[in-house]
Amino acid sequence: MKKIAIINGPNLDRLGRREPEVYGRQTLADLEKLLRDRVAGAAVELQFFQSNHEGEIIDRIAACADAGFAGLVINPGALTHTSVALRDALAGVGLPAVEVHISNIYRREEFRRHSLTAPACAGVISGLGFHGYAAALDFLLL
Ligand code: CA2
C-alpha cells in the first residue's frame with residue numbers, strides 16, 4: 001500500500017468561499033473526492049491535511065517521512081513565498097514532493113512569482129486548478 005499525503009497550507013480551507021475568479025468554486029472537500037475517486041481500487045492510501053499554521057505543516061511533513069509515506073503533494077499557499085523553514089523541512093525529509101498551485105503564480109503579483117519551496121520539490125504545477133493535484137498524484141504513483 002503506497003501512502004501519499006495531500007497537504008494544503010494557509011487559507012486553503014476557504015477554497016470555494018471567496019475569490020472564485022482566482023481559485024474557482026470548488027472546495028477542499030471536492031478536491032478530496034476528486035483524488036479519492038482517482039485512486040479508487042488501487043493500492044494507495046491518501047491522507048489529507050490542511051493547516052493555517054506553518055509549524056503544524058512542518059510537523060506533518062516529518063511525520064509522513066517517519067510513517068513511511070511514498071510522497072507528498074503540497075500546496076504551501078502563501079508560505080511558498082516566505083518560508084525557509086518549510087523549504088528546509090521538505091529538503092530534509094527526502095520524500096518526493098510535488099508543489100501545486102491552483103492559480104498561475106507567474107501571471108499574478110510580483111511577490112507570488114518566486115517560490116522558496118520549489119527547489120526542495122521534484123517539480124511544480126501552477127495554474128491548472130485541481131487538475132494540478134491530480135497530475136501530481138499521478139506522477140508520485142508512477
Ligand atoms: O494558487 C495557489 O494555489 C496559491 O498557493 C494559493 C495561495 C496564494 O498565497 C499563493 O500565492 C498561490 C492562497 C490561498 C488562499 O486561498 C483562498 C481561497 C479562497 C478564498 C481565499 C483564499
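A residue counts as buried when its relative accessible area is under 20%, as exposed when that area is over 50%, and as partly exposed in between. These words are used in that sense in the legends below, which describe close-up views of a predicted model.

Figure 1. Five strands form an open sheet in the order 2-1-3-4-5, with parallel pairing. Strand 2 (44-50) and strand 5 (123-126) stand at the edges; each has a single partner strand, so one side of each is left without a neighbour in the sheet. From one strand to the next, the twist averages 20°.

**Figure 2. Strand 1 and its two neighbours.** Strand 1 comprises residues 2-8, and five of its seven residues are buried, so the strand is mostly covered. Its pairing with strand 2 is parallel and runs over seven bridges. Within this pairing, Ala5 has Gln47 of strand 2 as its bridge partner. Strand 1 also pairs with strand 3, again in the parallel sense, over five bridges. Here Ile6 stands opposite Val73 of strand 3.

**Figure 3. Strand 3 beside strand 4.** Residues 71-75 make up strand 3 and residues 97-101 make up strand 4; the two strands pair in the parallel sense over three bridges. Val73 can be followed from the previous view, where it stands opposite Ile6. Towards strand 4, the bridge partner of Val73 is Val98.

**Figure 4. The loop between strand 1 and helix 1.** Which two residues of this loop are shown, and how accessible are they? Asn11 lies in the loop between strand 1 and helix 1 (20-23). The phi angle of Asn11 is positive, about 75°, although Asn11 is not a glycine. With a relative accessibility of 53%, Asn11 lies over the 50% limit and therefore counts as exposed. Glu19 also has its place in the loop between strand 1 and helix 1. Glu19 is not a glycine either, yet its phi is positive, at about 50°. The relative accessibility of Glu19 is 33%, so this residue counts as partly exposed.

**Figure 5. The largest pocket.** The largest pocket of the model has a volume of about 400 Å³. It is lined by 19 residues, of which Pro10, Asn11, Leu12, Tyr23 and Arg112 are the closest to its centre. What kinds of residue make up the lining? It divides into seven nonpolar, seven polar and five charged residues.

Figure 6. Glu109 forms a salt bridge with Arg108, in which the closest N and O atoms are 3.8 Å apart. This pair counts because 3.8 Å is within the 4 Å cut-off between a side-chain nitrogen of Lys or Arg and a carboxyl oxygen of Asp or Glu. Glu109 has a relative accessible area of 35% and is partly exposed. Arg108, at 16%, is buried, and Arg112, at 17%, is buried too. A further salt bridge links Glu110 with Arg113, the closest N and O atoms being 2.8 Å apart. Glu110 is exposed, with a relative accessible area of 57%, whereas Arg113 counts as partly exposed at 35%. Through shared partners, salt bridges join Arg108, Glu109 and Arg112 into one network.

**Figure 7. Thr117 in the loop between strand 4 and strand 5.** Is Thr117, a loop residue, buried or exposed? Thr117 lies in the loop that runs between strand 4 and strand 5. Its relative accessible area is 0%, which is under the 20% limit, so Thr117 is buried. Val84 is 33 residues away from Thr117 in sequence, while the C-alpha atoms of the two residues are 7.4 Å apart in space.

How values were computed:
Residues are numbered from 1 along each chain as its sequence is written. This is a predicted model: local features need pLDDT of at least 70, side-chain atom pairs count only at pLDDT 80 or more; totals for chains, interfaces and linings use all residues. Side-chain values use heavy atoms; hydrogens and water are left out. On a 1 Å grid over the protein atoms alone, a cavity is a set of points where a 1.4 Å probe fits but cannot get out, and a pocket is an open set with protein on both sides within 12 Å along at least five of seven lines; lining residues have an atom within 4 Å of a point. Grid points are joined across faces, edges and corners, and a volume is the space filled by probe spheres set on the points. Ala, Val, Leu, Ile, Met, Phe, Trp, Tyr, Cys and Pro count as nonpolar, Asp, Glu, Lys and Arg as charged, and the others, Gly among them, as polar. Buried means under 20% relative accessible area, exposed over 50%, partly exposed in between (1.4 Å probe, protein chains only). Two strands pair if DSSP finds at least two bridges between them. Helices (H or I, at least four residues) and strands (E, at least two) are DSSP runs, numbered from the N terminus. Axes are lines fitted to C-alpha atoms, for helices over the stretch in contact, and angles run from 0 to 180 degrees between N-to-C directions.
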